[in-house]
Amino acid sequence: MSKLEGIDTVYVSGPMTGLPEFNYPAFNAAAAQLRAAGYRVENPAENETPPCGTWQGFMRLSLAQIARCDALYVLDAWERSRGAWLEITIARELELLIDFDRTLLLPDHETTSARHPLREGAQRWKPELD
């Protein structure tokens, strides 16, 4: 499997809060697949606990990571995650590639995720400005 041209660093986004083990197994599996494909990966499941230990502290770490990335690889059930919504919003404003269906960055990946109104495949989102 080879990397998508022009994409070097990928952030793994998805739900954590309220899930068993904070959903770290899914984050770590995605990170391993992306690394095997040759991407550098920013995986929030690998972050140290911030000194404050709060959701806001974790999000500050995550948002700084996203700013260093070329793309987001979005895990299932992101729609129910306040943090994932924020990450996706920031990524859209930075015009990063967002792979909602996980088929562009890892073309051999079979997805079972349903289509969502915000999913228009994995494309760079460009805002329409007045």
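Helices (H or I, at least four residues) and strands (E, at least two) are here DSSP runs, numbered from the N terminus. The model is predicted, so that local features need pLDDT of at least 70 and side-chain atom pairs count only at pLDDT 80 or more, while totals for chains, interfaces and linings use all residues. Residues are numbered from 1 along each chain as its sequence is written, and side-chain values use heavy atoms, with hydrogens and water left out.

**View 1. The order of elements in the protein chain.**
From the N terminus on, the elements of the protein chain run β-α-β-α-β-α-β-β, which comes to three helices and five strands. Where contact means heavy atoms within 4.5 Å, 65% of the contacts between residues at least 6 apart in sequence join residues at least 24 apart.

T9 lies in strand 1, which covers residues 9-13, and is buried, with a relative accessible area of 9%. Leaving aside neighbours within four places in sequence, T9 is in contact with R40, E42, R68, C69, D70 and A71. G38 has its place in the loop between helix 1 and strand 2, where it takes a positive phi of about 105 degrees just after the helix.

**View 2. The buried face of helix 1.**
The 13 residues of helix 1 should span 18 Å at 1.5 Å a residue, and the end C-alpha atoms are 18 Å apart, which agrees; the expected span is 1.5 Å times one less than the number of residues. In this helix F27, A30, A31 and L34 are buried. Seen down the axis of helix 1, the buried residues fall within an arc of 100 degrees, so they line one face of the helix, the arc being that of the directions from the helix axis to the C-beta atoms. An α-helix has 3.6 residues a turn, so residues three or four places apart point the same way. The buried residues of helix 1 pack against strand 1, strand 2 (40-42) and strand 3 (71-74).

**View 3. Helix 2 and what covers its buried residues.**
Helix 2 has twelve residues and reaches 16 Å from its first C-alpha to its last, close to the 16 Å expected at 1.5 Å a residue. G57, M59, S62, Q65 and I66 are buried in this helix, and what covers the buried residues includes strand 1, strand 2, strand 3 and helix 3.

A pocket is an open set of points on a 1 Å grid over the protein atoms alone, where a 1.4 Å probe fits, with protein on both sides within 12 Å along at least five of seven lines, and lining residues have an atom within 4 Å of a point. The largest pocket has a volume of about 390 Å³, a volume being the space filled by probe spheres set on the points, which are joined across faces, edges and corners. Of the 22 residues that line this pocket, the closest to its centre are G14, P15, M16, T17 and W55. T17 lies in the loop between strand 1 and helix 1 and counts as exposed at 63% relative accessibility. T17 and W55 are 38 residues apart in sequence and 8.7 Å apart in space, C-alpha to C-alpha.

Technical notes
Buried < 20%, exposed > 50% of the residue type's maximum accessible area, 1.4 Å probe, protein only.
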